[in-house]
Amino acid sequence: MNEEYMPKIVGFLCNWCAYTGADLAGVARLKIPPSLRVIRVMCSGRIDPLFVTRSFFKGADGVIMMGCHPGDCHYQKGNYNARRRYVLLKNIFETLDLEPERVDLSWVSASEGPRYAKITEEFTEKIKKLGPNPVKEEIFI
Amino acid sequence: MSTQTESHKNHTKGVIISAKEGINKAILDIFKKSLEKKCFDAILIPVRVPDTESYAWVLLKDQSLLDEANPLPPVMSVQGAKALSSLTKHGEMTQNIAAILRPCEIRAAVELFKLKQIHLDNISLISIDCPGAMPLSDYVTDPEKYKKRFKNVLDKWGEDDSVRPVCHICNRFSLPSLLPQKSAKTSPAKQDEPNLAIPDLHIGLLGGNKEKIFLIPVNLKGRKILEKLEFKPDDSLNLWENKVNEVQDKKEKRRNEFNQELRKKIEGQEKFTAVFDECLNCHNCMRVCPICYCQQCFFDSASLNLSPETYLSRAEKKGALRFPLDTLLFHLGRMSHMVLSCVSCGACEDACPMSIPVAQIFSLVADQTQKAFDYTPGINKKEPLPLQAFLEDEFLEVETPSEATTPIEVN
Amino acid sequence: MSNVLKIKKGVEQGVNEFLKFLLESEKVKGIFALRKMNENGAVSYSLITHPEELKNAVPFAPLMPVNAGKILSGFTLEKAINEPIAAVLRPCELRAFIELIKRTQGNLDNYLLISSTCGGVYPLKSLTNGRFKEQVSQYWESVKNAEIASDVRPTCAACEYFIPQQADIIIATVGKKDLEKECSIFLNTKKGEEFAKGATGNIVTEEIETKDTSNLRQKREEQKKEDFDKLSKDGFGIKALVKIFAACLSCHGCSKACPICYCTLCDFDSKTHEYSPSSHEIEIEQKGGVRIPPGTLFFHTGRMIHMAVSCVSCGMCSDVCPVNIPVSTIFSKVGNSLQKLFDYLPGKDIEEPVPFGTYKEEEFTEIGEE
Amino acid sequence: MNEKIGVYVCECGPNISDRIEIDRVIEKISSVEGVKVVKKFGLLCSNDGKKYLADEIKKEELTHLVVAACSPREHEQTFMNVCLEAGLNPYLFQLINIREQCAWMISDKEEATRMAIKYILAGISRVTLHRPLLKKELDIISDVLVIGGGISGIEASLSLAGKNRKVYLVEKKESIGGMVKNFSALLPYQGSNLAVIEEKIKQVQNNENIEVLTSSEVEDVLGFLGNFEAVIKSNGDGSVKKEIKIGAVVVATGFSLFNLKDTPQYGYGKIENVLDALEFEKMSASGKILLKNGKPPKSVALIHCVGREEKGYCSKVCCLYSIKFALHLQDKLPVVDVTEFYSDLCLPEKADQDYFEEAKKKGIRFIRADEFEVKDKAGKISVEYKVAGGKKDSIAVDMAILAPAIVPSEDTSKLAEILNLPLDETGFFKEVHEMLDPISTPIEGVYVAGCALGPKNIPESIIQSQAASGKILSSLIPGKKIEPEVKVSEIKEEFCTGCQMCLSVCFYGAISFDEHKGISVVNEAICRGCGSCVGSCPSGAIRSKHFTYPQLYREVLQALR
């Protein structure tokens, strides 16, 4: 199974847009690499930055958050919160050189199955290039 | 304490191992072997963090990690019992773990066991003769200097006073003082009641003058370990026992003198208060104390919740009121909560940014109160805490919501 | 330009007299200020209500036993004070206080906020280094000449916000060549003017910003840059961070001392972030070993997520760290970058919402759309 | 652990069984601690499947149920109902999506199977942390608040009152009837005669189910579907305040007209006899169509689309009422020459085309033009314009009637804040979805109808009012109870520091601050369970039920195994 390195990516998807978009990708039988492990939350606003750091320090090769496009949030503005928190987190990762590329956020609407597949594909490729998360080797974190 | 020393008149047998290439090497080789022989699945031991002079506890399975391990590092970073608690607070380990701890860490572990903060079932406790540790603040400011100095500490066992004051006067640095009073009459080798809280195996350094070390099985479990390691525990331990007793007497004496001096320095409200003048109320002492296990310290929650007027009137009584309030109350309160279980490990003093002699004072008070209750913390798993009931009240105070009480990392 | 009360006395004496005036004229019910504890020079932040006690007041002792903002917040946590109280505090403490108020951790009403242009403070540990007294004398020389006093805490040496814009009254020290002879008390707000009415001394108008202050600011900015670069010569990355926090005892003293960490029970001390034995067993299968207690970096980065955007670089975290980790410098660096990102200066404006609890619809629009 | 977890894998016909080695999955899962049974079934969502599942739950005395099948978006509710039937709390169940996420999306069967196992393991470790959640029922108030006494508000009030609902009709002005009241007449296909409107107004006034509050404004609205509380300040000056309890709100605040001051080139307000449409409606209703000098106009220019460019949308109704005006002018005045200037003609309804043709037949001139300049030339009005070809031209008339764009009524934004409703970029209220949910707002129980949503003609407004009434009548049945969302946020008091960060991120106003305790409090009936507040709480005091940190985190752990 492991001849080729397949990264472990944690994806937090909002129930209303991203997760539905993912379903749509499935219905359309679009193929994605077996790298992404989807975790459903009701709204991207629910994604606590601590989830991301915790996943990261637990050895996730990548963490991606997906939610409704700005303006389309099922809960009105949740994704704006999500975006701020993401920006904050990303900036901290950048300052600390914690390979910020491993953390990402994308908007996927309920109808964007193909976009979901594309994003997953591309993010996986990006992480493959980066290789495994060095945190995995670190005992003293 | 002399009862303990007498308790070794009748001779225990153990294993003598040559340490030509240094004590550490010898000890680590044993642990490597123990992993190979599957005595243990993993070992909890201080390991040097790569490219630094700092030590951190590591639960390791991978032998190669032992190369940087140090069973007796120059400093006590995190109190071993605290590490053990962090490891097993939420249940038994399913694998066999060996934990190598200093005597004071073993004793703290036992106290935490009584407080349901540690699960010991699959844990083999291994104690080691402890020469004391360097003051943490000194060490972190100039590791090189204090590493060298620590060598001297190991050479002139118990004489070099660069160790922390509480270590310099420590009278429970070796196995005898870890044994339950009641069984003190009998030989340690007969300590087979499985749930007596004592190390299973002890590593003796005293009397080996750095050429050999002693492996002393304390109970059945300990002897089984030696068996697995293909050691026959039939060497005489006279060398070790004599040296232990010799140092023990010296230290008892020193402890008494020192405490008398200290008592003079701090007796009377005036003096006692003055000692804590510089306290910042940072509560580091409480946070590193192995016995202070509360999720939320009572003295963190309660403080600063009065109305401004109340403070004001309190201020007006004296003309001035110091903030944060009640620093002294905190120390006294903490004392009342944990001093009966205090093992004089010195972690609190190490962590004090103002180098207040917390440990020395707590240790002094501990001696008295523990005598008063005829209770010695950490030498008998069965012995109930004198104030169990009271402590359970405390426990209620820290009850946290059901959701949070589930540790989130379960397979 | 603002009105300045000039007293023909040395700063320390002048200010003490001014405070005395406030108390005796009963304009204030009490005064928060540093007070002598003992002869080693130890000080404590105290509420002084009796004029007599002012003789022990040392508002300018270059030490920070606690971040005063935290104290003022706790003092008014239950409710606002109903009679005026003066509080002497440093610029970073003032900013911390304002950040806390934004989080409804206290109340600003009836506080008369007195601050000073700040030369920084010494590490608390220097109290025990025996040289403290002589250090202090050098200290005033460098303040006079608007230089960075040697041996002050790194975070102070690198602090460019040493002019307390938000204070009602500002005592000018930086660059005041004649501070042994003259004490300049800037009346920065109407409130300040009100309280100063009737105090001895003559009023002139002056600018708090001088060539000296801007010089010092520049020096400190350079210093800051240098510190930040030094901190991560070739970037941080996981390896470097592990090294920096290698000695961490997980005592969480930094969060206890931090004025912005206002939570009664820190999330990271709660059971939510404890680990079960099996999780360790899984991890040693994966890595061969695991640090105990775990989660050192998770704690520090997590704390950054929670407070760095409001970090005022007061340096308390470094001061209480038992193992000399440069916590403050790291958090400042992260904080500065976040604050630039959100164009937010903590404690600048009480009306400005904390970036953590707000958003703008039209910001960062490129994000997520690729 | 004394859990008895049942894991059931759905073959979903061939959909899953072809793409995933279900037997390997079962083999792997059966060894997991706490799992009592692992079985597969052909099609669990079928009636047989549901029955089978219910029987299993009872037979095996399961404490937790894990179903590995399709997306929760598809059948979560189905299986939750099964749990309910079998007496298992539906929140002790987890649906694992191995169809969309694995079977259909991962091409390699081996990989798909591995991934499916991961997902199921995650589900199992998560489900053991689930807490049984109970739906609690709330009594409802079936009374309704209608804001705005225009035709929309009137229609809504009548259809609700007609079904014996108590209605509070709040109107800012001293009388109801709204804009329509001023009209001279309706369009022919609307029956021309205003009597129908006056009739409706009467009906409202005579209906004892409707309490009309004129010269009144809504000051505050708090609550949720079935349980709103509103404060109405009356007497215009707000000297009288009235508190009412209602179950739903209809916003029918109508429109106002584009401010012609913003387009000075039309000379409105500066040049005599330049009127806006409403002024002319009144004039023509009064029967005296006269110039300032008391003489009837001999020539009139009707200019459409004033402000259309500025506003960026077509106001839909101007063309038709301008045609109406033209025909009126012809009726009422012996000799009048009427010219209509338009930039685009909007004739949406069936009857409109004929109406337009009729006007042309009757000699009304239609000129497509733009870039207007209206000037005063020696007492006459000169209308200069550019025609489609680009040629400039002008005519002189006695009277010019402008058709200003329809814009949101003045206090739309104020009301939006009170009800915390979103507005669209044009400033009108924003519906949840223009096509799929055209009168609902993000706030359950609050509906918008008529021109408050954008320009509309009377029939459209009436349709929307009836639709809103329908929604309300079907959701608020007297005596019935409602079940609010249960996967909501809760606050653990002992952790809350009272910083109120959560208040600032909650869009539903579901969190309030308890001054006495100094902590935040969630109103579970309002909370929708989005969880935005959780990430804003540094103390970890807020948890969102069924999506707690531990529950989600166990999924993360499995993902990283």
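Predicted model: local features only at pLDDT ≥ 70, side-chain atom pairs only at ≥ 80, totals over all residues.
Let's start with one strand pairing: in E11 of chain D, D:Ser234 has D:Val240 as its bridge partner.

**Strands in chain D**

- E10(D) and E11(D), the latter covering residues 240-246, pair in the antiparallel sense, with 7 bridges between them.
- E10(D) also has E9(D) to pair with: residues 217-224 and 227-234 form these two strands, again antiparallel and again over 7 bridges.
- Which residue takes a positive phi in the hairpin of E9(D) and E10(D)? It's D:Gly226, with phi near 90 degrees, in a hairpin that has 2 residues between the strands.

**A helix pair in chain D**

- The axes of H6(D) and H17(D) come within 8 Å, crossing at roughly 150 degrees.
- An angle over 145 degrees counts as roughly antiparallel, and H6(D) and H17(D) are therefore roughly antiparallel to each other.
- Is the crossing of H6(D) and H17(D) left-handed or right-handed? It's right-handed.
- On the H6(D) side, the residues that meet H17(D) are D:Lys118, D:Leu121, D:Ala122, D:Ser125 and D:Arg126.
- Facing them from H17(D) are D:Gln551, D:Arg554, D:Glu555, D:Gln558 and D:Ala559.
- Sorted by class, this helix contact has 4 charged, 3 polar and 3 nonpolar residues.

**Where chain D touches chain A**

- Chain D puts 33 residues into this contact, and chain A puts in 39 residues.
- Five helices of chain D each supply at least two residues to its side: H4 (72-86), H5 (99-103), H6 (109-127), H16 (532-535) and H17 (549-559).
- Which of these helices gives the most? That would be H17(D), with 5 residues.
- The chain D side divides into 17 nonpolar, 8 polar and 8 charged residues.

**Where chain C touches chain B**

- Here 67 residues come from chain C and 71 residues from chain B.
- Several elements of chain C give two or more residues to its side, among them strands E2 (30-36), E3 (43-48) and E9 (289-292), plus helices H8 (237-244) and H10 (277-287).
- H10(C) has the largest share of the chain C side, at 7 residues.
- By class, the chain C side holds 30 nonpolar, 22 polar and 15 charged residues.
- Strands pair across the two chains as well: E9 of chain B (residues 320-323) is joined to E3(C) by 4 bridges, and the two run antiparallel.
- One of those bridges has B:Phe323 partnered with C:Tyr45.

**Two domains in chain C**

- Chain C splits into domain 1 (2-225) and domain 2 (233-357).
- How many Å separate the centres of the two domains, taken over C-alpha atoms? The figure is 29 Å.
- The domains do touch: 24 residues of domain 1 are in contact with 18 residues of domain 2.
- On the domain 1 side, helices H2 (68-75), H3 (91-102) and H5 (154-157) of chain C each supply at least two residues.
- H3(C) gives the most to that side, with 10 residues.
- The domain 1 side divides into 12 nonpolar, 7 charged and 5 polar residues.

**A sheet in chain A**

- Four strands of chain A make an open sheet with parallel pairing, in the order E2-E1-E3-E4.
- E2 (36-41) and E4 (103-107) of chain A stand at the edges with a single partner strand each, so one side of each has no neighbour in the sheet.
- Neighbouring strands of this sheet are turned by 20 degrees against each other on average, direction ignored.
- E1(A), residues 9-14, and E3(A), residues 62-67, run parallel and are joined by 5 bridges.
- A:Ile9 has its bridge partner in E3(A), namely A:Gly62.
- Helix H1 of chain A (residues 18-27) packs on the sheet, touching E1, E2 and E3 of chain A, with its direction at about 110 degrees to that of E1(A).
- Helix H2 of chain A (residues 49-57) packs on the sheet too, touching E1, E3 and E4 of chain A; its direction makes about 155 degrees with that of E3(A).

Notes: Residues numbered from 1 in each chain as written. Chains lettered and ligands numbered in written order. Contact = placed C-beta atoms within 7 Å. Nonpolar A, V, L, I, M, F, W, Y, C, P; charged D, E, K, R; others polar. Axes fitted to C-alpha atoms, helices over the stretch in contact; angles between N-to-C directions. Parallel < 35°, antiparallel > 145°, perpendicular 65-115°, else oblique. Left-handed = near helix turned anticlockwise from the far one by under 90°. Domains from an automatic or database assignment. Pairing = 2+ DSSP bridges.
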